[in-house]
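Subject: Structure for you to look through

Dear colleague,

I am handing over the structure below, and after it I set out what was found. Please keep it open beside this message while you read.

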Amino acid sequence: MTDLLATDLTESDLGTVLGPHLHQVLAACRPHIGRLARVEECTGGNVSHVFRLYGEAGTVIVKVRGRRFAQIAHIATDPALISVEHRALALHHGLLPDLFPKVLAFLPEAHAMVMTDVFPDGRTWREHLDQRAATIEECTRLGAALARIHYATAGLPPLRDGDGDDRFRVEHAYGYCLRACGHRALDKASRRLDALPGRQLVLGDACPKNLSLAAGRTAFVDLDNVHTGAPQFDLGYLLAHVVLHHAARPERLRPLATAFLDAYTLPGSARPWRDDDLLATVTGGVLLYRLEARTVPYPAAAPPATADRLRHTLRRLLDAGPFTVPDLLDAAEGSVTV
């Protein structure tokens with residue numbers, strides 16, 4: 001029956017993406033799921049095509065990288081870069097197997113990976129936040145997990161050869177994100193991040209669509225943006241999304257942000273988060289990047305009027321000069337329209 005389904009899948013999205021490698025990838029899945037029953041395309045990822053394969057013995061995730069971004073077709077990419085994500089996943093799972101999926105098979109000629117499914121309910125945290133507010137327990141668990149990741153990956157060498165890691169950071173983490181809004185304060189923040197001591201491997205795209213907090217577990221996926229940088233980038237990136245998804249729930253915003261930041265207790269941190277103006281600027285920059293969405297789309301997480309007021313407020317904060325995380329939270333709370 002699996003072979004018959006493989007034939008049926010030839011004209012499907014999975015078959016179209018994999019082409020002549022379809023049977024090879026399905027064969028790699030079979031030991032882990034048994035007879036194939038169903039294929040479901042996962043939404044949310046911009047770079048790679050992601051599918052969940054259901055079988056009589058369980059589920060796996062298949063991730064395939066093409067020559068163009070999956071959801072942003074005008075951006076070309078090198079499909080061989082999936083090998084960098086493969087190295088990142090192998091490294092992170094080896095260090096913290098409870099927080100990252102395991103690569104079950106890597107098929108470089110197909111630019112594909114087969115991975116364990118770390119979403120117990122099949123849904124991302126983003127999908128949950130679209131329906132409800134986060135909980136204090138979730139944000140505490142998230143902050144503690146991010147601190148564990150940064151502590152475990154400190155001192156490790158870059159994933160990319162030569163200067164490729166630096167170029168990746170400048171073109172992606174900064175170019176598509178902080179510098180995308182064209183504000184001088186965010187350009188300065190990018191330079192300050194690079195000047196910080198203790199640069200190390202960071203996730204680069206830690207956001208609700210790339211993690212699960214279901215069933216009391218914490219899991220991070222989509223490691224194709226892992227690079228050598230400053231931990232403050234990850235911390236501000238994730239904090240920005242906590243703010244963004246609760247901009248219309250001002251009564252929840254500060255308790256959740258505080259729980260997340262207080263739980264992030266990276267040993268050797270130079271400054272407390274309350275007074276860290278660089279962290280506040282990075283957070284504001286990531287928020288602005290998500291709200292203005294010039295290159296990388298992000299579905300709306302707040303009513304249009306609230307999002308527009310928050311966008312203008314953020315630009316005023318950046319124009320005025322240094323500000324703190326409490327200042328940013330005050331601004332976000334004041335952006336709710338009545």
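Leaving out residues up to four places away in sequence, which residues does Asn210 touch? They are Asp205, Ala219, Phe220, Val221 and Asp222. Please bear in mind throughout that this is a predicted model.

**Asn210 and its surroundings**

Asn210 is found in the loop that runs between strand E6 (200-202) and strand E7 (211-212), and, because its relative accessible area is 2%, it counts as buried, the limit being under 20%. A polar atom of its side chain lies 3.0 Å from the backbone oxygen of Asp205, and the side chain of Asn210 also has a polar contact of 3.5 Å with the side chain of Lys209. Asp222, one of the residues that Asn210 touches, sits in the loop between strand E8 (219-220) and strand E9 (227-229). Asp222 is buried too, with a relative accessibility of 16%, and its phi is near 60°, which is a positive value in a residue other than glycine.

A positive phi is also found at His111, where the value is near 50°. His111 belongs to the loop between strand E4 (103-107) and E5, and with a relative accessibility of 21% it counts as partly exposed.

In soluble globular proteins, nonpolar side chains tend to be buried together. In this model the largest nonpolar core has 85 residues, and those with the most contacts inside it are Leu203, Phe233 and Phe260. Helix H9 (residues 231-244) gives the largest share of this core, namely nine residues. Apart from this core lies another one, of 20 residues, which includes Leu9, Leu53, Ala110 and Ala112.

What does Phe260 contact, once its neighbours within four places in sequence are left aside? Phe260 is in contact with Cys139, Leu142, Gly143, Leu146, Leu235, Leu238 and Leu239.

**Two helices, H10 and H6**

Phe260 is one of the buried residues of H10, and the others are Leu253, Leu256, Ala257, Thr258, Ala259, Leu261 and Ala263. The buried residues of H10 pack against helix H6 (136-153), H9, helix H11 (277-292) and helix H13 (325-333). Helix H10 (residues 250-263) has 14 residues, so at 1.5 Å a residue it should span 20 Å, and the 21 Å between its end C-alpha atoms agrees with this.

The same reasoning can be applied to H6, whose 18 residues should span 26 Å at 1.5 Å a residue; its end C-alpha atoms are 26 Å apart, which agrees. The buried residues of H6 include Cys139, Leu142, Gly143 and Leu146, and these four are also among the contacts of Phe260. Just after H6 comes Gly155, which takes a positive phi of about 85°.

**Trp273**

Leaving aside neighbours within four places in sequence, Trp273 is in contact with Thr258, Leu261, Asp262, Leu279, Val325 and Pro326. With Asp262 there is a polar contact between the two side chains, at 2.9 Å. Trp273 and Gln232 are 41 residues apart in sequence, while their C-alpha atoms are 9.8 Å apart in space.

**Empty space**

Rolling a probe the size of a water molecule over the atoms shows where empty space is left. The structure holds four cavities of 30 Å³ or more, and the largest cavity has a volume of about 330 Å³. This largest cavity is lined by 25 residues, of which Val47, Asp205, Asn225, Tyr289 and Val296 lie nearest its centre. The elements that give two or more residues to its lining are helix H7 (164-177), H9 and H11, and the largest share, five residues, comes from H7. Asp205, named here beside the centre of the cavity, is also one of the residues that Asn210 touches.

The second largest pocket has a volume of about 370 Å³. It is lined by 25 residues, and those nearest its centre are Cys42, Thr43, Val50, Phe119 and Thr124. Two or more lining residues come from each of strand E1 (36-41), strand E2 (49-55), strand E3 (58-64), helix H4 (82-95) and strand E5 (112-116).

With best wishes

Note on methods. Residues are numbered from 1 along each chain as its sequence is written. This is a predicted model: local features need pLDDT of at least 70, side-chain atom pairs count only at pLDDT 80 or more; totals for chains, interfaces and linings use all residues. Side-chain values use heavy atoms; hydrogens and water are left out. Helices (H or I, at least four residues) and strands (E, at least two) are DSSP runs, numbered from the N terminus. Buried means under 20% relative accessible area, exposed over 50%, partly exposed in between (1.4 Å probe, protein chains only). A polar contact is a pair of N or O atoms within 3.5 Å; within protein, one must be able to donate a hydrogen and the other to accept it, and residues adjacent in sequence count only if both atoms are side-chain atoms. Contact means heavy atoms within 4.5 Å. A nonpolar core is a set of buried Ala, Val, Leu, Ile, Met, Phe, Trp, Tyr and Cys residues joined through side-chain atoms within 4.5 Å. The expected span of a helix is 1.5 Å times one less than its number of residues. On a 1 Å grid over the protein atoms alone, a cavity is a set of points where a 1.4 Å probe fits but cannot get out, and a pocket is an open set with protein on both sides within 12 Å along at least five of seven lines; lining residues have an atom within 4 Å of a point. Grid points are joined across faces, edges and corners, and a volume is the space filled by probe spheres set on the points.
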